[in-house]
Structure formats: structure tokens, C-alpha cells
Amino acid sequence: ADDAIVVHLRIGDVVDNAVQSVVELLQHQVLYHPGYAWSAYVLPLQHYAALPLTNMVVLMGGYHHVKDFRHAHKSCSYVKVLKRFFEARGAEVTVRLGKLPDKDFIFASQSRMFAQSGGGYSKIIAQMVERSGGIVIGKHGEVLKVGPE
């Protein structure tokens, strides 16, 4: 769909190894490496609330550094919460997880709207989307805010 937005989720190690609960990760920005702004991989719910309303949302992510998915409970919960959140906003949600990174790269690079997360992989996809004339939202994993600051 033309108004679909591909939302890159950085999940796996940065969620499952975090000392914070999924609720805490969704409540406010948490740095994976405290004190280092570049480690803002996991974005809070306020970021997703500020994304443009679209009819279709594709949640795309991979379990970075997770070899055994039985230990990815927090990542699964994080994705489920976001899926329900977008569905409650009226979007049809597709969850695209566990694909080969190269296939996800091609898929996301061809999107017309891409919501970038933290990390270099997402940044490179964002550059490809822009080169193709698409729209990138939340550049460099910046946390979007709803309403006046």
C-alpha cells in the first residue's frame, strides 16, 4: 500500500539483555550503554505515538545476537505491545521478524515511508529510502514527541 510505513524495531540483545522491563523500555528512552547517546536503540512508546497515522504498518526486526529464540521473551513482548498499539490506532499490522538481514534490507529500502530506529543498520536503510525518494521518519533514532515540547 502506498501509505504503508515500515517500522524498524531493534530487538534481540538490546531488549532481552536490558535490566529494564518491557514496560520501562516503553515508558522512556533507555540507553543500552548508559551515558552514550548513540546507544539509543530501543525507542519508547511516545516515539511510535508520534508517527504518522497510516492504514498499514509493517513492524520489521531481527533478533540481533539471539541464537535461541526461547530466550527472547522480552523482545516478543515488546513487539506484541507495539502491534496492539498500532492496531488500536486503526492500522493493519504485519509483523516481519526473523528474515535474513539482506532480505529485510532490500524490503525496507524500497519502502515509501520508513521509521528509523537506532543503530547503523537502520541508518543505512534510511539513506537508501531517501535516495529512492521515500520519506524517513525519526532520523538517527531520534525520539519523536507528540505535541509541543
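This is a predicted model: local features need pLDDT of at least 70, side-chain atom pairs count only at pLDDT 80 or more; totals for chains, interfaces and linings use all residues.
Let me start with Asp 13 and Arg 10, whose side chains meet in a salt bridge at 3.3 Å, N to O, where a salt bridge is taken as a side-chain nitrogen of Lys or Arg within 4 Å of a carboxyl oxygen of Asp or Glu. Both Asp 13 and Arg 10 are buried, and buried here means under 20% relative accessible area, with exposed over 50% and partly exposed in between, using a 1.4 Å probe and protein chains only.

Residues are numbered from 1 along each chain as its sequence is written, and side-chain values use heavy atoms, with hydrogens and water left out.

The structure holds three salt bridges, and another of them joins Glu 87 to Lys 83, with the closest N and O atoms 2.4 Å apart. These residues, Glu 87 and Lys 83, are four residues apart in helix H4, residues 73–88, and are therefore separated by about one helical turn; helices (H or I, at least four residues) and strands (E, at least two) are DSSP runs, numbered from the N terminus. Glu 87 is partly exposed at a relative accessible area of 35%, and Lys 83 is likewise partly exposed, at 28%.

Next comes the salt bridge between Asp 104 and Arg 96, whose closest N and O atoms are 2.7 Å apart. Asp 104 is buried, with a relative accessible area of 4%, and Arg 96 also counts as buried, at 16% relative accessibility. If we leave aside neighbours within four places in sequence, Asp 104 is in contact (heavy atoms within 4.5 Å) with Met 60, Gly 61, Arg 96, Lys 99 and Tyr 121.

Which residues of helix H5 are buried? In H5, which covers residues 101–109, they are Asp 104, Ala 108 and Ser 109. Seen down the axis of H5, these buried residues fall within an arc of 120°, so they line one face of the helix, the arc being that of the directions from the helix axis to the C-beta atoms. On the other side of H5, Asp 102 and Lys 103 are exposed.

Finally, Ala 50 sits in the loop between helix H3 (45–49) and strand E2 (56–64), and at 26% relative accessibility Ala 50 counts as partly exposed. Ala 50 and Ile 137 are 87 residues apart in sequence, and their C-alpha atoms are 9.8 Å apart in space.
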